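Welcome! Please take a look at the sequence and the structure shown here, and then read on for a short tour.

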Amino acid sequence: MHDNDSYLEHPYFTLRREVSAATIRRCRYVFRQLSAAVDVDGLAGQRLLDVGCNTGAFLQVAAREFGVVPVGLDVGRAAVEAAVRKGIEAYQVRIEDAPEQLGDFPVITAIDLIEHVTEPLEFLRSIGRRLRPGGIVYLETPNLNSLVYQAGRVLASLTGGHPRKLFQRLFPPQHIQYFTTRSLRSLAEAAGFQTVRIWTRVLPGADIAGSAMVGVGIAALQAVDRWTSHRILICAVLRRST
């Protein structure tokens, strides 16, 4: 489902395909969060692996602004080919099947990815095997406890999933499972990670792909989520046990 033109050309990924103000903002945010667990300045000249790198825009910014050596994995052929054209060391492979030389990373990022995998425990264990002892992984994934997803579940049940285009945007078929902060913490611990921090954040308006009406509706629901601390995205900084 991920290795086809229609998936690559989805409006959501069009926003993330090239370096933009949103990409720069996202990369800077990730590195600010990483700074709680690792010396970000010390990452200059070291390899950073982005799992689910798409066409490599995040890695381009990370290399330019933080001096890391970018390495990416993705299951989409066209996405990997685009990343390679940008000079990124990228592979069309799952993390579970990646070449043996891809290891000893100080930091691995996996943004908006774990909800796509069939075996999330093995996925995290595979990431752990690619990290050096004490290495850090940064994750982002949708928060099932957010009002956006809770309201979406109720409305989808009441309407039979119509209009289909709207609900497929909220619950795309590529998303196999969803997490809460509690379930993600439990999963991380089962995979052998120490939790540095797990929190939730809002989805910036610039990152919402859809009509103006959809954007306004999501923004209104996210405003309520700010008060309940169940924001739409779960973020986690995890450390591999030594």
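## Salt bridges

How many salt bridges does the count come to? The count comes to seven salt bridges, where a salt bridge is a side-chain nitrogen of Lys or Arg within 4 Å of a carboxyl oxygen of Asp or Glu. A word on the basis: this is a predicted model, in which local features need pLDDT of at least 70 and side-chain atom pairs count only at pLDDT 80 or more, while totals for chains, interfaces and linings use all residues. Residues are numbered from 1 along each chain as its sequence is written, and side-chain values use heavy atoms, with hydrogens and water left out.

One of the bridges pairs glutamate 65 with arginine 28, whose closest N and O atoms are 2.8 Å apart. This pair links distant parts of the chain, 37 residues apart: glutamate 65 sits in helix H4 (residues 57-66) and arginine 28 in helix H3 (residues 21-34). Helices (H or I, at least four residues) and strands (E, at least two) are DSSP runs, numbered from the N terminus. Glutamate 65 is partly exposed, at 30% relative accessible area, and arginine 28 is partly exposed at 41%. Here buried means under 20% relative accessible area, exposed over 50%, and partly exposed in between (1.4 Å probe, protein chains only).

Glutamate 81 and arginine 77 form a salt bridge with closest N and O atoms 3.2 Å apart. Both lie in helix H5 (residues 77-85), four residues apart, which is about one turn of the helix.

Glutamate 122 bridges to arginine 129, with 2.6 Å between the closest N and O atoms. Glutamate 122 is partly exposed at 31%, whereas arginine 129 is exposed at 53%. Elsewhere, salt bridges with shared partners join Arg94, Glu96 and Asp97 into one network.

## A buried threonine

Is threonine 141 buried or exposed? Threonine 141, found in strand S5 (residues 131-142), is buried because its relative accessible area is 1%. Its side chain makes a polar contact of 2.7 Å with the side chain of glutamate 115; a polar contact is a pair of N or O atoms within 3.5 Å, and within protein one must be able to donate a hydrogen and the other to accept it, with residues adjacent in sequence counting only if both atoms are side-chain atoms.

## An exposed leucine

Now for the opposite case. Leucine 158 belongs to helix H7 (residues 147-159) and is exposed, with a relative accessible area of 67%.
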